[in-house]
Amino acid sequence: MTWLTLDTWIVATSALVAIACVLPGCFLFLSRQSMMSHGISHAVLPGIVIGHLVTGEVDTPALFIGAILAGVACAVLTRFLQRLSGVEEGAALGISFTTLFALGLIMQRLFADNVHIEPNHILMGNLEVAVFSSISPESQLPETFIKAGIAALVNLFFVVIFFKELTISTFDPNHGDSVESRPRLMYYLLMTLSAVTCVVAFEAVGSILVVSMIILPPAIASFFTKNLKHLIILSVLFAVLGCGLGHVLSITTFGPLFAKAFQLNDYSSTNTAAGITVVLCIMLVIGIVQSKLIRKG
Amino acid sequence: MSLAFALSDLLPPHNLRVVYLGVISLGIATGLLGCFLLFRKRSLLSDTVGHATLPGVAGGFLLSSMFSDFAGKNFLALFVGSLLFGWLSVQAVQFMVRHTKLRQDAALAISLTGFYGFGVVLLSVVQKSGLPDASGLEYYLYGMVASMVEAESWMLFGAATVASVLTALFLKELNALCFDEGFTQTQGLPHRWLDQALMTVSLVVAIVGLQTVGLLLIMALFIIPPSTARLWTNDLKTTLLLSALTGALGAFAGALLSANIPHLPAGASIILATSLLFFLSLLFGKRKGILTRYLQFYTIEKRLAQNQFLRAVFDNLEGQQQVRLFCGLAFSRKLALTEFHIADTIAKRNWSSQKRARIITSLKNAGSLEITAAGRATLTEKGLDRAIEAAKTHRLTELYLMNHAEIAQKNVHQFVERIEEITTPEIAQDLRAIFKQKLQQELIPLEPHER
């Protein structure tokens, strides 16, 4: 195994992305809205396309803002549909995000067909490529690293400042109403931050694996603690550990393992983001087994 | 020759017919099966299953290229692989929900990304393996509607037929399963077996559909038509029919639009057409539509306000005559049709002047009231009938509450006001039956709490 500077950047970037994801993720997990992250990560498409249509460029903050607005719109629409039509939450989410995604796809094909959005890149992401685009030619500092760092800091501030309000609105929104801790405002703030995080994490890990960064660490941590603060700290630790192990296994083990299993001659590293997901899943299984053993013992 | 030629000219070209048959079949199959998923609160399972098939696709490809010499995507291997991993993902979700403290939403998300992540790992092995024909495998889950071939279309047709037959045969059992699982068990109905059968059929439809129309369209078709049907009805059979109809209609409309507008992707336009049906139903649906419910609310509000107004007129005139002329045996309709002063009559109600004007206008339009001079009016014969009816029901309700619900005399009035809006003609009929004897003595009882 040869460890390059690039590998360090990959692990550092993925760890920052994971931290940014986990912080809102703990509250999404606890308030039973795990699938919301999946919905948001699809629903950002119309925002990106509208951002592009308004500005006429591909690489502007307008795309970023559009994506965030569309993500929040998905959360708002889901709540609205659930309240008005009385369908279950999952169905409401399914309706809103498939509709938004279809809307985005049609707008892209009809009005912005020249902009090529690679499904492979969006859906699976590519950390190995993302770290190549550095902020300036001289430095090696990847742009994604900076973005993920900012997102992680913002999320950290949010969670620290509004810890009490978030806790109340997560566990008992009705109580939140009675003590004026603004549970609905908290809900929408949380959704906004989730959307921001999803968009940032998008480039690095893709729209589907971002869900694993958001939900898996809190799920693993939930088998080890019942205290909210401990849950958040443990989640962050598990996420960072998962990123390190995931990348190491991706460049050393997974490739040869499967190449051998399927009798292939050539092998090399596999997708890091996916490797992280697999490692987190293994950690979850360990968590489940551990909790079963403790209950028996 | 000319007739046959003209007919074939009218029909859409062959490849389009194939697409229409395929998507309509798919719409029917998912519409039916989606209902049961929705009833069992498992709507997003189609999403999880769809994503979780990725390792099956990649693994199926790797295995088939390992064991067979001929290059190319072996359809059967990919299909069996997808089926296996789709099934595994469902089992994983059920395991997590049943045996750990993870909730359904988390279990769905974990299963989705876990399997997908594993799939991406396998896929990157495929991509770097240098195997022939490996490119394009990642697009396998994002099928193209427009390039549907005849065999796929017939497969979807078969899936729709199987789904319809199964639903029709096991309607009773499925109904019990969806709404009362415990009851199903006690009745000795095939509960486990049926649940597995339902999941398997849904899985097969999802995976057949996945490869032809793509992941997102499949889940949209599983979720949106049943939700649309639920806005119209509570009845299971009607829900199933409406849902299948919505699925078929949305799929056909979407495919039709995409065939006629260049660059319009078929999958996305089917999703949009179906969700348009949903949003229309959200407005006009008979059971839950927003406008429908608003209209109902408005009608009740109006009737209530009219009744309150008429009752006030009745009470007031009754009081003015000093003797209870209207009541008992000495009831005189003639006296009841005297002119009254509107503002004095309804002084006790704190209605805004707009609301008062609205009520008076609506009563006038209904032919119950006549304005005789500024601020004065009389009841018409019809209005008097309604007023008597309203007063009678009101007083009987009060009597009922005092005699049977043990509510104190001084409180009874406010209770009646509260339940007045739900006092239907049927309830009024029941009340009359209860107080039959009293009504024989007096045509209209007196206000009980003023006695």
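The side chains of Asp195(B) and Arg42(B) form a salt bridge, with an N to O distance of 3.6 Å. This pair links distant parts of the chain, since Asp195(B) belongs to helix α10 of chain B and Arg42(B) to the loop between α2 and α3 of chain B, 153 residues apart. The model is a predicted one, and the predictor assigns the complex an ipTM of 0.92 and a pTM of 0.84. The points below cover confidence, the charged pairs, the aromatic pairs, and selected sites in chains A and B.

**Confidence and composition of chain B**

- The mean pLDDT of chain B is 81, and 85% of the residues score at least 70.
- Within chain B, helix α1 (residues 2-10) has the lowest confidence, with a mean of 53, whereas helix α12 (residues 236-260) has the highest, at 93.
- The secondary structure of chain B consists of 21 helices and three strands.
- Of the 451 residues in chain B, 51% are buried.
- Among the contacts in chain B with a separation of 6 or more, 72% are between residues 24 or more positions apart.

**Salt bridges**

- Over all chains, the search of the whole structure finds four salt bridges.
- Asp195(B) also forms a salt bridge with Arg40(B), in which the closest N and O atoms are 2.6 Å apart.
- Arg40(B) lies in the loop between α2 (14-39) and α3 of chain B, and Asp195(B) in helix α10 (residues 191-213) of chain B, so this pair ties together parts that are 155 residues apart in sequence.
- Arg40(B) and Asp195(B) are both buried, and Arg42(B) is likewise buried.
- A network of salt bridges links Arg40(B), Arg42(B) and Asp195(B).
- In chain A, Glu143(A) and Lys147(A) meet through their side chains in a salt bridge of 3.7 Å, N to O.
- Both Glu143(A) and Lys147(A) are in helix α7 (residues 143-161) of chain A, four residues apart, or about one turn of the helix.
- Glu143(A) is partly exposed at 34% relative accessibility, and Lys147(A) is partly exposed at 31%.

**Aromatic pairs**

- The search of the whole structure finds 11 aromatic pairs over all chains.
- The ring centres of Tyr187(A) and Tyr188(A) are 5.1 Å apart and the planes stand at 80°, so this pair is edge-to-face.
- Tyr187(A) is buried at 8% relative accessibility, whereas Tyr188(A) is partly exposed, with a relative accessible area of 26%.
- The rings of Phe85(B) and Phe118(B) have centres 6.3 Å apart and planes at 45°, so this pair is tilted.
- This pair links distant parts of the chain, with Phe85(B) in helix α5 (residues 75-99) of chain B and Phe118(B) in helix α6 (residues 104-129) of chain B, 33 residues apart.
- Phe85(B) is buried, with a relative accessible area of 16%, while Phe118(B) is partly exposed at 26% relative accessibility.
- One aromatic cluster is formed by Phe258(A), Phe85(B), Phe115(B) and Phe118(B).

**Buried sites**

- All eight residues of helix α3 (residues 45-52) of chain B are buried, so this helix is largely enclosed by the rest of the structure.
- The buried residues of α3(B) include Asp47(B) and His51(B).
- Gln33(A) is located in the loop between α1 (5-30) and α2 (34-55) of chain A.
- With 9% relative accessibility, Gln33(A) is buried.
- Beyond its neighbours within four places in sequence, Gln33(A) contacts Leu28(A), Glu89(A), Tyr187(A), Met191(A) and Asp105(B).

- A nonpolar patch on the surface is formed by Trp232(B), Leu276(B), Leu280(B), Leu283(B), Phe284(B) and Leu291(B), together with about 550 Å² of accessible area.
- Helix α13 (residues 266-284) of chain B contributes the largest share of the nonpolar patch, namely four residues.
- Trp232(B) sits in the loop between α11 (215-230) and α12 of chain B, and Trp232(B) is partly exposed at 35% relative accessibility.
- Leu83(B) lies in helix α5 of chain B and is partly exposed at 27% relative accessibility.
- Not counting residues up to four places away in sequence, Leu83(B) touches Leu203(B), Val204(B) and Ile207(B).
- Leu83(B) and Ala206(B) are separated by 123 residues in sequence and by 9.3 Å in space, C-alpha to C-alpha.

Key: Residues are numbered from 1 along each chain as its sequence is written. Chains are lettered from A and ligands numbered from 1 in the order in which they are written. Side-chain values use heavy atoms; hydrogens and water are left out. Buried means under 20% relative accessible area, exposed over 50%, partly exposed in between (1.4 Å probe, protein chains only). Helices (H or I, at least four residues) and strands (E, at least two) are DSSP runs, numbered from the N terminus. pLDDT is the predictor's confidence in each residue, from 0 to 100. Patches are made of residues with over 30% relative accessible area and no salt bridge: like charges are joined within 9 Å, nonpolar side chains (Val, Leu, Ile, Met, Phe, Trp, Tyr) within 5 Å. Accessible areas come from the Shrake-Rupley method with a 1.4 Å probe; for residues, only the protein chains shown count as cover. Contact means heavy atoms within 4.5 Å. Rings of Phe, Tyr and Trp (its six-membered ring) pair if their centres lie within 6.5 Å; planes under 30 degrees apart count as stacked, over 60 as edge-to-face and the rest as tilted.
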